[in-house]
Amino acid sequence: MKILFYINVLSGGGAERVIANLSNQFANDNNEVVLVTTYATPNEYYVIDKVNRINLESNIRKEENRILKNIRRIKCLRNVIKIQKPDVVISFMEEPNFRNMISTLGLPVKKIVSVRNDPKKEYPGKMGDFIAFHLMPRADGCIFQTQDAREYFPAKLQKKSEIICNAVKEEFYSVKREPIEGKIVSVGRLSSQKNQHILVEAFKSISDKFPHATLDIYGTGELEKELSSQISASGLEEKVKLKGNSSNISEVLSRADIFVLSSDFEGMPNALMEAMAVGVPCVSTDCPCGGPRMLFDKEKNGILTSVGNIEQLSEALEELLANNEKKKYLGNNAKNRANSFRPDEVYREWKTYVEKVVRS
């Protein structure tokens with residue numbers, strides 16, 4: 001097959017990492033792969049030489065409004081598709097999905113769109129409704145990450161869609177766990193979506209009962225100063241640390257006694273899946289669009305708490321800190337569940353689905 005992947009940028013997020021990895025896997029499997037981004041950014045995810053990389057524009061024209069930018073980008077994408085003549089165009093996220101559907105009008109090419117976050121957040125307003133309920137159902141296929149996300153869209157799109165989890169790198173499966181008792185770890189951008197504020201509050205409520213417990217929060221973002229102030233005001237400077245970004249999250253997870261995801265919403269949370277692959281007992285909010293709930297499978301593989309509920313989160317932490325058998329049970333179950341996230345398994349699902357759409 002000749003496959004054209006399209007996303008805005010190739011750095012900074014889970015969707016970008018997934019599309020880079022898929023491009024490499026399809027190219028290594030003797031497919032011709034073109035990876036198109038709207039523009040280049042620093043620190044892009046690695047793409048092998050077999051993948052043909054194309055940027056639609058060399059610089060960002062800040063003077064243009066959103067409508068003019070979209071028109072120009074649609075024209076550029078359509079021109080690339082005409083020249084490259086792929087069998088299928090696969091796009092990730094709202095704006096690329098919109099441009100995929102418009103730029104391919106009248107062209108003999110299959111179209112697959114992919115939803116990578118909570119659709120209520122990813123497709124807001126009248127334009128979001130137009131894309132989700134009128135434009136995307138015209139695609140030849142769609143990849144969702146959760147059943148909840150799929151059910152948001154019209155039945156016409158659901159019927160030709162597939163649910164496929166993200167892949168977790170093999171390095172996380174081979175990690176030797178050497179947990180430090182009481183070390184709680186969280187990984188994610190420091191943002192309102194990830195809601196580390198409630199994690200700090202929940203930890204505060206149990207820190208006196210478990211004086212050996214610590215909380216390490218990995219990531220950077222716009223709420224770094226606010227979180228630092230919250231930690232200081234709570235008198236937790238010695239126990240709660242903002243660790244910034246890490247180049248070796250698998251090593252960080254090897255020392256974690258408990259992993260926590262405190263998000264208000266997610267697509268399919270990569271950080272949580274990586275912790276499960278290592279075998280760390282996990283606690284997560286039951287955030288839309290249903291990723292943690294699907295991963296935990298009726299709490300056999302982790303503990304769910306209501307979004308924004310500090311009391312439930314603190315109770316879950318207390319339960320695990322006080323119960324080594326429960327930690328062992330959840331950690332083992334999580335690692336077994338994570339076998340379905342292995343790269344070869346996830347790629348097989350993608351390949352089977354894409355071939356099916358191209359043949360249809």
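Trainee: Which residues does Glu274 touch, not counting residues up to four places away in sequence?
Mentor: Keep in mind that this is a predicted model. With that said, Glu274 touches Arg17, Val168, Phe172, Ile249 and Leu253.
Trainee: And where does Glu274 sit, in which helix?
Mentor: Glu274 is in helix α11.
Trainee: Is Glu274 buried or exposed?
Mentor: Buried. Its relative accessible area is 11%, and the cut-off for buried is under 20%.
Trainee: Leu253 was on that list. What is Leu253 in contact with, leaving aside neighbours within four places in sequence?
Mentor: Leu253 is in contact with Phe172, Phe259, Glu274, Ala275, Val278 and Val280. So Phe172 turns up for both, because Glu274 touches Phe172 and so does Leu253, with contact meaning heavy atoms within 4.5 Å.
Trainee: What about the largest nonpolar core, how many residues does it have?
Mentor: That core has 30 residues, and Leu253 is among those with the most contacts inside it.
Trainee: Which elements supply at least two residues each?
Mentor: β8 (183-187), α10 (249-254), β11 (258-261), α11 (270-278) and α12 (291-296). Of these, α11 gives the most, with 7 residues. There's also a second, separate core of 28 residues, which includes Leu10, Ala20, Trp350 and Val357.
Trainee: Switching to sheets. What's the strand order in the open sheet of 6 strands?
Mentor: The order is β10-β9-β8-β11-β12-β13, with parallel pairing. The edge strands, each pairing on one side only, are β10 (240-244) and β13 (303-305). Neighbouring strands are turned by 20° against each other on average, direction ignored.
Trainee: How many bridges link β8 and β9?
Mentor: β8 and β9 (residues 214-218) pair in the parallel sense over 5 bridges. If you want a residue pair to click on, Val187 has Tyr218 in β9 as its bridge partner.
Trainee: And the open sheet of 7 strands, what order does it have?
Mentor: That one runs β3-β2-β1-β4-β5-β6-β7, again with parallel pairing. Its edge strands are β3 (52-55) and β7 (161-163), each pairing on one side only. The twist averages 20° from one strand to the next. Inside it, β4 and β5 pair in the parallel sense over 5 bridges, and Ile90 stands opposite Ile112 in β5.
Trainee: What does α2 touch on that sheet?
Mentor: α2 packs on the sheet and touches β1, β2 (32-37), β3 and β4. The direction of α2 makes about 165° with that of β1.
Trainee: At what angle do α2 and α3 pack?
Mentor: About 55°, with the axes 9 Å apart. That makes α2 oblique to α3. As for handedness, α2 passes α3 in a right-handed crossing.
Trainee: Which residues meet there?
Mentor: From α2 you have Arg66, Asn70, Arg73, Ile74, Leu77, Arg78 and Ile81. They meet Glu94, Glu95, Phe98, Arg99, Asn100, Ile102 and Ser103 in α3.
Trainee: Why is α3 described as largely enclosed by the rest of the structure?
Mentor: Because 8 of the 10 residues of α3 (residues 94-103) are buried. The buried ones are Glu94, Pro96, Asn97, Phe98, Arg99, Asn100, Met101 and Ser103. These pack against β1 (2-7), α2 (66-84), β4 (88-92), β5 (110-114), α4 (119-122) and α5 (125-135).

Technical notes. Residues numbered from 1 in each chain as written. Predicted model: local features only at pLDDT ≥ 70, side-chain atom pairs only at ≥ 80, totals over all residues. Heavy atoms only, no water. Buried < 20%, exposed > 50% of the residue type's maximum accessible area, 1.4 Å probe, protein only. Helix = DSSP H or I, 4+ residues; strand = E, 2+ residues; numbered from the N terminus. Core = buried A, V, L, I, M, F, W, Y, C linked by side-chain atoms within 4.5 Å. Pairing = 2+ DSSP bridges. Axes fitted to C-alpha atoms, helices over the stretch in contact; angles between N-to-C directions. Parallel < 35°, antiparallel > 145°, perpendicular 65-115°, else oblique. Left-handed = near helix turned anticlockwise from the far one by under 90°.
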